[in-house]
Amino acid sequence: MEAMRGAARQLAELLGRAPDSVSALKPTDDGWEAEVEVVELERVPDTSSVMASYKVVLDPAGKLVAYERTGRYTRAQVDRNRQGR
């Protein structure tokens with residue numbers, strides 16, 4: 001839980017946006033890797049908002065060492081992996 005909160009908090013500091021959710025978290029040989037979902041562009045209706053997935057890499061102490069945006073999609077997209085995220 002602490003790694004998950006740390007990934008979200010540190011990414012929020014870098015991007016200036018609060019994460020919407022942490023959709024994946026796994027331990028690695030070098031610490032942790034998380035996938036964090038962020039609202040990049042709010043639209044009305046909410047289902048048309050533009051979301052982004054970020055891969056966040058943390059060291060064993062939970063400090064962010066790298067991040068990258070891995071895709072963008074609309075909130076209404078059900079299965080973004082199959083739709084060319």
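One aromatic pair is found in this predicted model, where rings of Phe, Tyr and Trp (its six-membered ring) are taken to pair if their centres lie within 6.5 Å. The partners are Tyr54 and Tyr67, with ring centres 6.1 Å apart and planes at 45 degrees, so the pair is tilted; planes under 30 degrees apart would count as stacked and those over 60 as edge-to-face. Tyr54 belongs to strand 3 (residues 50-58) and Tyr67 to strand 4 (residues 64-74), so the pair ties together parts that are 13 residues apart in sequence. Tyr54 is buried, at a relative accessible area of 6%, whereas Tyr67, at 38%, is partly exposed. Here buried means under 20% relative accessible area, exposed means over 50%, and partly exposed lies in between (1.4 Å probe, protein chains only).

Stepping back to the whole chain, the protein contains 1 helix and 4 strands, which follow the pattern α-β-β-β-β along the sequence. The radius of gyration, taken over C-alpha atoms, is 13 Å and close to the 12 Å that the globule rule gives for 85 residues, so the protein is as compact as a globular protein of that length. That rule is 2.2 Å times the number of residues to the power 0.38. Helices (H or I, at least four residues) and strands (E, at least two) are DSSP runs, numbered from the N terminus. The C-alpha trace spans about 40 × 25 × 20 Å along its principal axes.

Of the 85 residues, 33% count as buried. Among the contacts (heavy atoms within 4.5 Å) with a separation of 6 or more, 33% are between residues 24 or more positions apart. The accessible surface, from the Shrake-Rupley method with a 1.4 Å probe, comes to about 5,400 Å², and 48% of it belongs to carbon and sulfur atoms.

Charge is carried by 13 positive and 14 negative side chains, and the centres of the two sets lie 4 Å apart. Lys and Arg count as positive and Asp and Glu as negative, with His and the chain ends not counted; each charge is placed at NZ of Lys, CZ of Arg, CG of Asp or CD of Glu. Arg9 sits in helix 1 (residues 2-15) and is partly exposed, at 44% relative accessibility. Its C-alpha lies 7.9 Å from that of Pro19, which is 10 residues away in sequence.

Residues are numbered from 1 along each chain as its sequence is written, and side-chain values use heavy atoms, leaving out hydrogens and water. As the model is predicted, local features need pLDDT of at least 70 and side-chain atom pairs count only at pLDDT 80 or more, while totals for chains, interfaces and linings use all residues.
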